[in-house]
Amino acid sequence: MKDREDKKHIIIDEFYKENFNREILENLEQEELDFKRSIEKMDEAMNLVESVELELDINLDKLISDGMDILDNRRNRRERILFILLSILILSLVVLISIIGGLKFILYFQVIIITLAPFIIIPIAKTAVVRGNR
Amino acid sequence: MEEKELINRARNRDREAVDILIKGNYGILKGYVIKLTGNSEESKDIIQETILKAIVNIDKFRPEAKFSTWLITIATNLYRDNLRKNKRYLPLDEEFNLYEDNLEVKAMDNIKVQEVFSILRQLPYEKRTVFILKHYYNYKYEEISEIMKCPIGTVRSRLHNCIKTILNKMEERGMSDER
């Protein structure tokens, strides 16, 4: 009885091209052959639903646009939060160093920033523009 | 263009790549969800939600799997969640009128198709999902176990049980003797 059930399991695996013991399928009895035929009939019947062409009235373009908008909003929000956190960190550092280094430090800091700013901002802006055009 | 390249472009907010990915896999997703739910309204909701989720979470997609498999995984999870929280999605015995206005299949075929959908809908969700993935999309047991997040042995036993149930139901409805 158990042997017969095992064979049925193997018949199903064979039908769906999964790993199975081929030897067991060599001597099938009538009941197992009938089972094999009933699976083929089931296949035929179940495949009828493949012919179903159902119009669901889904506007894919609008859906994609909505998805892209949500994605953009989410990324913009993340970037904004990162910007605020980074600004707070930099300003806190400046304040902290000013307290330690005295008022002279603020003057030196401003001169350095004004001198270096164009060399940092211009290449970054250029890269962003080139990437945007691509 | 290769799928991996499309995914990379989609991650960089390339609308054209997202378009190709979604529209190229829409047919598979639609067919799968219709077979899973057997209901046009529910299918529409799940497909829309799946597409939105896929676009919004495109960064989380692992390119080792196919994009269509990912869509199917999302749709399966959404359907499962809907079943859990929404009783509206449970009435397996409700009037089945999916084809009334939408289909152009012959009358006899239409009846048979309705019978098949009715059998599918009567199967428990887990077994139905495994059967659809295996029978119609030929996924390997291993792939189904990843989609369903269950062991391979469970997938195999669900499929085998499901087939026995389908055979019994076909016999009850006299479909086994038809040619």
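A:Lys17 is exposed, with a relative accessible area of 63%; the classes used here are buried for under 20% relative accessible area, exposed for over 50%, and partly exposed in between (1.4 Å probe, protein chains only). The model is a predicted one, in which local features need pLDDT of at least 70, side-chain atom pairs count only at pLDDT 80 or more, and totals for chains, interfaces and linings use all residues. Residues are numbered from 1 along each chain as its sequence is written, chains are lettered from A and ligands numbered from 1 in the order in which they are written, and side-chain values use heavy atoms, with hydrogens and water left out.

A:Lys17 lies in the loop between H1 and H2 of chain A; helices (H or I, at least four residues) and strands (E, at least two) are DSSP runs, numbered from the N terminus. Although A:Lys17 is not a glycine, its phi is positive, at about 55 degrees. Most residues other than glycine have a negative phi.

## The contact between chains A and B

The contact, meaning heavy atoms within 4.5 Å, takes 42 residues from chain A and 56 residues from chain B. The area buried between the two chains is about 4,600 Å², with carbon and sulfur atoms giving 65%; buried area is the accessible area (1.4 Å probe) that two parts lose on being put together, summed over both. A:Tyr16, A:Met46 and A:Leu54 supply 16% of the area that chain A buries against chain B, more than any other three residues.

Between chain A and chain B there are 19 residue pairs in polar contact (both at pLDDT 80 or more). A polar contact is a pair of N or O atoms within 3.5 Å; within protein, one must be able to donate a hydrogen and the other to accept it, and residues adjacent in sequence count only if both atoms are side-chain atoms. On the side of chain A that touches chain B, helix H1 (2-15), helix H2 (30-46) and helix H3 (60-101) each supply at least two residues, and H3(A) gives the most, with 15 residues. The residues of this side divide into 19 nonpolar, seven polar and 16 charged. Here Ala, Val, Leu, Ile, Met, Phe, Trp, Tyr, Cys and Pro count as nonpolar, Asp, Glu, Lys and Arg as charged, and the others, Gly among them, as polar.

## Salt bridges

The structure holds 20 salt bridges over all chains, and the count between chain A and chain B is eight. A salt bridge is a side-chain nitrogen of Lys or Arg within 4 Å of a carboxyl oxygen of Asp or Glu. Within chain A, A:Lys8 forms a salt bridge with A:Glu31, the closest N and O atoms being 3.3 Å apart. A:Lys8 lies in helix H1 and A:Glu31 in helix H2 of chain A, so the pair ties together parts that are 23 residues apart in sequence. A:Lys8 counts as buried, at 13% relative accessibility, whereas A:Glu31 is partly exposed, at 36%.

B:Arg13 forms a salt bridge with A:Glu79, with 3.8 Å between the closest N and O atoms. B:Arg13 has a positive phi of about 60 degrees although it is not a glycine. A:Asp61 forms a salt bridge with B:Arg15, and salt bridges that share partners join A:Asp61, B:Arg15, B:Asp19 and B:Lys23 into one network.

## Chain B

The secondary structure of chain B comes to eight helices and zero strands. Of its 179 residues, 51% count as buried. B:Lys134, in helix H6 (residues 125-135), is buried, with a relative accessible area of 1%. The side chain of B:Lys134 reaches the backbone oxygen of B:Tyr139 at 2.9 Å. Leaving aside neighbours within four places in sequence, the contacts of B:Lys134 include A:Tyr16, A:Glu18 and B:Leu159.

The structure holds zero disulfides over all chains, a disulfide being a pair of cysteine sulfur atoms within 2.5 Å. The sulfur of B:Cys162 is 13 Å from the closest cysteine sulfur, in B:Cys150, too far for a bond. B:Cys150 counts as buried, at 13% relative accessibility, and B:Cys162 counts as buried, at 0%.
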